[in-house]
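Thanks for asking me to look this over.

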There are 2 protein chains.
Amino acid sequence: MAKVTIIGAGMMGSAMSVPASYNHNQIRIVGTPLDEVIISELSKTGYHITLKRALPEGIEYYQFKDIDRVLNDSDCVICGVSSFGVDWFLENVLPKLDENIPVLSITKGLKTDESGNMISFPEYYSRKLPDKHFSFNCVGGPCTSYELVDKHNTEVAFCGKNMKDLEFFKSILQTPYYHISLTTDVIGLETAVALKNAYALGVSLAIGMAEKDHGEESVPDYNAQAGLFYQAVKEMSKLIAMNRGESDKIAFGAGDLYVTVFGGRTRKIGTLLGKGIKYGQAKEMLKGITLESIAITRLVTESLKRTNKNPEDFPLLFHIQSLIDEQQKDIPWDSFTY
Amino acid sequence: MAKVTIIGAGMMGSAMSVPASYNHNQIRIVGTPLDEVIISELSKTGYHITLKRALPEGIEYYQFKDIDRVLNDSDCVICGVSSFGVDWFLENVLPKLDENIPVLSITKGLKTDESGNMISFPEYYSRKLPDKHFSFNCVGGPCTSYELVDKHNTEVAFCGKNMKDLEFFKSILQTPYYHISLTTDVIGLETAVALKNAYALGVSLAIGMAEKDHGEESVPDYNAQAGLFYQAVKEMSKLIAMNRGESDKIAFGAGDLYVTVFGGRTRKIGTLLGKGIKYGQAKEMLKGITLESIAITRLVTESLKRTNKNPEDFPLLFHIQSLIDEQQKDIPWDSFTY
């Protein structure tokens, strides 16, 4: 039994309490300042208002102001913030945290270094805190939060530099439905799963295009979706190789891409853009929805430009960027061929 | 303008007449003995009874008995038989065909050689006809026949040994909606796209399991589907490498897997098996539907056993085989981790 402290009461962070609870760990969830209402309701009733599900019994809930009561009395910390919370976590949590307590982060995304090269969040944290020696580990792979709460079978990977820490996290989180691979190929896994948000938007364009051309009740346009899926896997593989990840991580990227196309937020924006709605208007229509797909597209296209990579190797990603920039163009289908 | 003769009036073979017609080629469709009714209706009305769509005007239709009227008066031949028709094509068409007429085959599948190693259909044809020097080329990639007829955007690859022949086929078939890559990596592409039938059955198991566990109207179980998709891409990549294909062909395999999960026949049998229905009964329920997924699963698992490969590297494929053999087992989720 381990003392597990989850920071961030968003959907995925909170969902991690379900496999953690299965293994009889002592679980605390500490909300970020954005999670006050969620924590308040959880404290009273155990019901998570955005997951729309009750969390397991026996969890302790804390508002962020009370983090010091539990943070360093933990055997491990799960960082449950989204990619938009990475700097907040860096400034508000890590300085307080004992460096001997290993961290597992559910955040998917990438950062760039001063030269514009893509780096993983663990790498980013380490560079920002050169005097501390944290063990940063991450979760990747296809997992929708509410399905994890419902104990559906889920295949993920944990990555980090230290296999012993990875095995520790696996020992406290592995369940009959949550299946965990372990890898030290951090940049490979993180590149694969960060990019899926961008490319799921790309695949969803075909859904919107079919609705525009043939009506919402039409037969979905699977050839076009699959053509974009093919190109997405091709570009993701290139990006994994470019970042010096191992090529086999594309399997997690492809699985994560699959689940994200069906998953909600990213599909919505992609479908709207595919219908020909301009980005500004689409963003208005989805008010309140955080768009990691947009952020990662911008970050990666800018990195590729700054590091003088050939945009023609990534025509789908740059097409998505052109839609975000409201430079409406047709999908460059022929540039996907060789 | 080229004289294009399509042999086989099934759905995909016939669909190839649509891009061919766009480029003003002279098109003939010669039915196999199984296609008599289809050809008869096409001759009268131009309507394809299984595609449920009219084919382009100006096509000439022939019953198989009349093949000699056009076969060798062709600039190229498109072989439109399914994998179950490969030996028929070998015995009934190729002996009559001038070896200078290049062949493009839409057939997806693999054969084994005398040692049990997997070989592509072009390789199989060449070995069976050692005295002839045909140019055999194949189509791979995600393409549903009726969507091609409807001129939806479609990304495919043509593979063959001779780039000049590939470019010829591309010149007569490329259209604004049919996008063609060219590659000489025949075994890589053919392995990727042959295997998608087996693995689409695998991914579909999760659809049936969710319906069994939660009712047909339930939220689909995307984590489990995506977990199986991940494992499928992993095993397909290993098989491509084992057959000495190039690793980038997994992009076509993943795209083809995606379209096949949504495509019909294979999804149906996978869903039934996922519900726990035994193979014999499921086969009865789908009477008349040809099951290439079953054939390719059997061929590849037998090849792996005969060539002493480790079945533990392909736990999903062997699980599918165990369902076909009616040895009911749970999905071996933990064997997908590493």
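1. The expected span of a helix is 1.5 Å times one less than its number of residues. This is a predicted model, in which local features need pLDDT of at least 70, side-chain atom pairs count only at pLDDT 80 or more, and totals for chains, interfaces and linings use all residues. Residues are numbered from 1 along each chain as its sequence is written, while chains are lettered from A and ligands numbered from 1 in the order in which they are written.

2. Let me begin with helix α8 of chain B, residues 186-214. Its 29 residues reach 43 Å from the first C-alpha to the last, close to the 42 Å expected at 1.5 Å a residue. Where is the kink in α8(B) centred? Look at N197(B), where the kink is about 40 degrees; the bend at a residue is the angle between axes fitted to the seven residues ending there and the seven starting there. Just after α8(B) comes G215(B), with a positive phi of about 90 degrees.

3. On burial, a residue is buried if 20 or more other C-beta atoms lie within 10 Å of its own, exposed if 12 or fewer, and partly exposed in between, with C-beta atoms placed from the backbone. By that count α8(B) is mostly covered, with 25 of its 29 residues buried. Helix α9(B), residues 222-242, has 21 residues and reaches 30 Å from its first C-alpha to its last, close to the 30 Å expected at 1.5 Å a residue. R244(B) follows α9(B) and has a positive phi, near 65 degrees.

4. Next, please look at strand β11 of chain B, residues 154-159. Why is β11(B) described as largely enclosed by the rest of the structure? Because six of its six residues are buried. T154(B), V156(B) and F158(B) point one way from the strand, and E155(B), A157(B) and C159(B) point the other way.

5. Strand β10(B), residues 136-140, pairs with β11(B) in the antiparallel sense over three bridges, and V139(B) has F158(B) as its bridge partner. Strand β12(B), residues 178-183, runs parallel to β11(B) and is joined to it by six bridges. Here C159(B) has T183(B) as its bridge partner, and E155(B) stands opposite H179(B).

6. β11(B), helix α7(B) (residues 163-173) and β12(B) make a right-handed β-α-β unit. A crossover is right-handed if, with the strands pointing away from the viewer, the path from the first strand over the helix to the second runs clockwise.

7. Now for the whole sheet in chain B. Eight strands form an open sheet with mixed pairing, in the order β5-β2-β1-β6-β7-β10-β11-β12. Its edge strands are β5(B) (60-62) and β12(B), each pairing on one side only.

8. In chain A, have a look at strand β6, residues 76-79. C76(A) and I78(A) point one way, V77(A) and C79(A) the other way, and all are buried. Strand β1(A), residues 3-7, pairs with β6(A) in the parallel sense over four bridges, with V77(A) the bridge partner of T5(A). β6(A) also pairs in the parallel sense with β7(A), residues 103-105, over three bridges, and I78(A) stands opposite L104(A). The chain crosses from β6(A) through helix α4(A), residues 86-92, to β7(A), and this β-α-β crossover is right-handed.

9. Between the chains, 43 residues of chain A are in contact with 43 residues of chain B, where contact means that C-beta atoms, placed from the backbone, lie within 7 Å. The elements of chain A that give two or more residues to this side include α6(A) (145-149) and α10(A) (250-261). The largest share, twelve residues, comes from α9(A).

10. Finally, a backbone point to check by eye. Most residues other than glycine have a negative phi. K151(A), in the loop between α6 and β11 of chain A, has a positive phi near 60 degrees. K151(B), in the loop between α6 and β11 of chain B, has a positive phi near 65 degrees. K151(B) is partly exposed, with 15 other C-beta atoms within 10 Å.

Conventions. Two strands pair if DSSP finds at least two bridges between them. Two residues are in contact if their C-beta atoms, placed from the backbone, lie within 7 Å.
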